[in-house]
Amino acid sequence: MTSLLGHDAQTRTLIDAAASGRMHHGWILSGPRGIGKGGFARALALRLLADAAGPPVDGEGLDVPETHPVRRLIEASAHPDYAELFPLEKDGVTARNISVDQVRGLHRLLQSAPSLSTRRIVVIDSADDLERGAANALLKNLEEPPPDMLFLLVSHAPGRLLPTIRSRCRTLRFDPLNDGAMRAILRGKDETLSPAEIDALIRAGEGSPGKALRYAGLNLADIESAMARIAQDGDRDNRHRLALAKALAIKSAKPRYEALLERAPAFIAQAARNRSGSALGVALDHWEKARHLAGGAVILSLDPAAVVFELAGHVAALAPQSA
C-alpha cells in the first residue's frame, strides 16, 4: 500500500468521523472509475485499524509506517478484523461479479467480536459488481450492522446499487484528480516518461490515473502531436494522414491503433468545447461521425489503415479553413 495523492477533503471527512466516535457504519465511495477510490478505501481501512489497535499513527493523512504490525497483517491477508470482497480470478479469468457465497463468507467476521481492537472493516471493490443475491445478502448486514462495523463500498455508478443499500449508507463523492496530482502519480509509476508523454497521458486520463495508465508505453504524445498538426493545417495533401495510417496499420501497432480509436473522438470533442456558432456545429458533426466509426472499427474488423485515414480526415475538418 503506497501513499495516496489527492482526495484530501475525503480523507479529512472520514478521519474526523472516526475520531468523533460517531462513524456511520456504511459509506459509498462514489466517483469515476480509475481515480483511486479502491486504493483510498484500503488505505483508510489500514489507517483506522492501525489507530484502533495501536500504536496510533502520527499525521493527518492515510500513511501508515511500513513497520506497523497492523500493516504487516493486512498485507499478508492475515488481519482477523478485515475483509475485502472483489471479483475473484479462476484459471486466469476474472469473474464478472461478486458472488453471494463471498458475502456469506463474511459471517465469521460479522458474528465474532473484534480480535485486535474495537473495529472491524469490510471493503467491497466494487459494489457495482455484486450479483443480485449478493446485494440482498449485504443489505441484511447493513440493516443490522454489528457494533464497530464499517463497510466501505466502492462504486463507479451508485445509481446501479439497490436503493435500499444507498439509503443505509452515506455517500462520499470523489472527483477526478487535478493535473498536479496526476503528474505526480504518473511520474511515480514510470520515471522514464517524458514531459510530453506525461502531458498527453494527463489529457487522456481526464483526472483518472487508472485511465491514463492504460495508454502508458504507447507513445501517446506522438499520436496527439500528429492529430494537432492535422487539425491545425487541414493536411490538404494528406501527407500526415497517410503517415499516421501507415504507422498504425501494422500488426505490432495494434495497441496504438486502439488508443487512436479512443483518442480521436475525444480530441475532436475537446476542440468543440472551445468553439461556438457554425464552427461548433462542424466540430460536433465530425465528432459524431468519428465516434461512430471508432466504435465499430474493431467489432466490424474494418481495415486499420482506412479507419485511421478516415478518422484523421474528421480531425482535419477542425482546421480553420475547413470550418
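Start by selecting helix α4 (residues 100-104), where D101 and R104 both lie, 3 residues apart and about one turn of the helix from each other; helices here are DSSP runs of H or I with at least four residues, strands are runs of E with at least two, and both are numbered from the N terminus. The model is a predicted one, in which local features need pLDDT of at least 70 and side-chain atom pairs count only at pLDDT 80 or more, while totals for chains, interfaces and linings use all residues. Residues are numbered from 1 along each chain as its sequence is written, and side-chain values use heavy atoms, with hydrogens and water left out.

**Salt bridges**

D101 is exposed, and so is R104, where exposed means over 50% relative accessible area, buried under 20%, and partly exposed in between, with a 1.4 Å probe and protein chains only. By the salt-bridge rule, the count comes to 17.

Next, select R239 and D237, which form a salt bridge with the closest N and O atoms 3.8 Å apart, both residues being exposed.

R47 is buried, with a relative accessible area of 5%, whereas D51 is partly exposed, with a relative accessible area of 28%.

**The sheet**

Now display the strands in the order β2-β5-β6-β1-β7: these 5 strands form an open sheet, and the pairing is parallel; two strands count as paired if DSSP finds at least two bridges between them. At the edges stand β2 (82-85) and β7 (170-173), each with a single partner strand, so one side of each is left without a neighbour in the sheet. On average, neighbouring strands of this sheet are turned by 20° against each other, direction ignored.

Select β5 (residues 120-125) together with β6 (residues 149-155), and the parallel pair is seen to be joined by 6 bridges, with I121 having L150 of β6 as its bridge partner. On β2, which runs parallel to β5 and is joined to it by 4 bridges, L85 stands opposite I124.

Of the residues of β5, 6 of the 6 are buried, so the strand is largely enclosed by the rest of the structure. To see how both faces are covered, colour R120, V122 and I124 on one side and I121, V123 and D125 on the other.

Helix α1 (residues 8-20) lies across β1 (26-30) and β7, running at about 150° to β7, while α2 lies across β1, β2, β5 and β6, running at about 165° to β6. Such angles run from 0 to 180 degrees between N-to-C directions, and the axes are lines fitted to C-alpha atoms, for helices over the stretch in contact, contact meaning heavy atoms within 4.5 Å.

**Helix α12 and its surroundings**

Move on to helix α12 (residues 239-249), in which H240, R241, L244, A245 and L248 are buried. Seen down the axis of α12, these buried residues fall within an arc of 130°, so they line one face of the helix; the arc is that of the directions from the helix axis to the C-beta atoms. The face turned away from this buried side carries the exposed residues R239, L242 and K246.

Among the elements that cover the buried residues of α12 are α11 (220-233), α13 (254-272) and α15 (304-316). Select α15 with α12, and the two pack at an angle of about 145°, with their axes 8 Å apart. On the α12 side, the contact is made by R241, L242, L244, A245, L248 and A249, and on the α15 side by P304, A305, V308, F309, A312, G313 and A316.

End on R263, which lies in helix α13 and counts as buried at 7% relative accessibility. Leaving aside residues up to four places away in sequence, R263 touches R203, A204, Y215, L220, E224 and M227.

How values were computed. Salt bridge = Lys/Arg side-chain N within 4 Å of Asp/Glu carboxyl O.
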